[in-house]
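Me: I'm new to reading protein models, and I'd like to learn where the labels come from. Could you go through them with me?

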Amino acid sequence: MATQARLLHRLPPVSVMIACLVLAIMLVLVIFAPIIAPMDPRDVSSYSLMDMEIPPIFMEGGDPRFLLGTDNQGRDLVSVILFGLRISILIGIGAVLFAAAVGVALGLIAGFFGGLVDSIVMRIADILVSFPTILVALLISGIARAQLDADTVLTWAPLILIVAIAINEWVQYARTVRASSMVEISRDYVRAAKVIGLPPRRIMLRHILPNVMSSVMVIATINLAGAILTEATLSFLGAGMPPTYPSLGTLIRIGNQFLFSGLWWIAVMPATVLVILVLAVNIIGDYLRDRFNPKLMAR
């Protein structure tokens with residue numbers, strides 16, 4: 001009985017299991033969107049003005065061909081949301097990976113070498129933290145749009161958004177890895193590695209990095225929700241993905257124009273998907289944070 005109780009205690013809560021299931025379903029939909037979606041919203045020839053502004057199937061006037069209805073251009077909302085969800089998740093994951101790579105590298109260097117290197121990295125981090133993330137993202141996105149022509153911006157819009165979001169998010173990774181590195185440096189195994197003459201790069205990558213990755217994974221999971229919301233905010237403000245390759249934020253911005261004219265589903269449907277996605281990621285992130293908290297693990 002005691003063994004069964006310990007096993008049950010180690011199982012994640014039901015809310016976390018549901019969140020994992022929801023996130024897994026969304027990832028499957030994202031991967032197979034071109035196959036699952038009834039139409040390709042990127043193909044202008046598939047638009048039909050005769051099918052515009054059809055309500056969802058559960059409302060009067062709904063069409064069985066369009067489960068969630070259509071938008072003002074006659075696009076199937078299921079297809080548009082699937083492709084929008086795909087773009088939002090890819091940009092969010094890309095921003096988190098980019099920020100984690102930069103932050104972990106700078107945190108390892110600052111924590112290992114200390115001194116002037118540590119001071120420079122941390123002062124840059126302090127400067128960036130003093131600016132709101134959305135403000136920095138708007139600035140980077142605006143500069144890119146002003147310096148590049150329209151075709152280049154359209155082609156590189158996802159990369160511009162990834163850099164714009166990640167430029168201010170690497171600080172948290174750097175600070176966490178720096179603090180953990182300074183603790184690991186005092187360990188005997190790191191001192192032994194220095195004594196036998198191992199190069200700093202090998203010590204950082206082979207000995208210190210594996211011991212700080214649990215914290216990095218927790219931060220990355222929590223920041224994924226923030227990155228997705230930041231991308232949605234930028235797209236809602238018109239500084240994100242173009243309408244031809246809409247993300248969830250772009251779909252909400254387009255639907256917001258028709259929200260009080262009776263066509264509420266154009267904005268509410270993608271907004272609901274965004275809320276469910278962010279909520280699922282936040283629940284998983286909170287669980288991982290508590291799971292890897294040494295004080296809570298000791299209980």
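Reply: Gladly! A search of the whole structure finds two aromatic pairs. This is a predicted model, so local features need pLDDT of at least 70 and side-chain atom pairs count only at pLDDT 80 or more, while totals for chains, interfaces and linings use all residues. Residues are numbered from 1 along each chain as its sequence is written, and side-chain values use heavy atoms, with hydrogens and water left out.

Me: Why is the pair of phenylalanine 112 and phenylalanine 113 called edge-to-face?

Reply: Rings of Phe, Tyr and Trp (its six-membered ring) pair if their centres lie within 6.5 Å; planes under 30 degrees apart count as stacked, over 60 as edge-to-face and the rest as tilted. Here the centres are 5.1 Å apart and the planes stand at 80°, so the pair is edge-to-face.

Me: And what makes tryptophan 264 and tryptophan 265 an edge-to-face pair?

Reply: Their ring centres are 6.0 Å apart and their planes are at 80°, so this pair is edge-to-face too.

Me: How do you know which of these tryptophans is buried and which is partly exposed?

Reply: Buried means under 20% relative accessible area, exposed over 50%, and partly exposed in between (1.4 Å probe, protein chains only). Tryptophan 265 has 4%, so it counts as buried. Tryptophan 264 has 30%, so it is partly exposed.

Me: What makes aspartate 71 buried?

Reply: Its relative accessible area is 3%, so aspartate 71 is buried. Aspartate 71 sits in the loop between helix 3 (33–36) and helix 4 (77–113); helices (H or I, at least four residues) and strands (E, at least two) are DSSP runs, numbered from the N terminus.

Me: Why is the link between the side chains of aspartate 71 and arginine 75 called a polar contact?

Reply: A polar contact is a pair of N or O atoms within 3.5 Å; within protein, one must be able to donate a hydrogen and the other to accept it, and residues adjacent in sequence count only if both atoms are side-chain atoms. The aspartate 71 and arginine 75 side chains are joined by one of 2.7 Å.

Me: How do you know that the length of helix 8 agrees with its number of residues?

Reply: The expected span is 1.5 Å times one less than the number of residues. Helix 8 (residues 170–185) has 16 residues, so it should span 22 Å; its end C-alpha atoms are 22 Å apart, which agrees.
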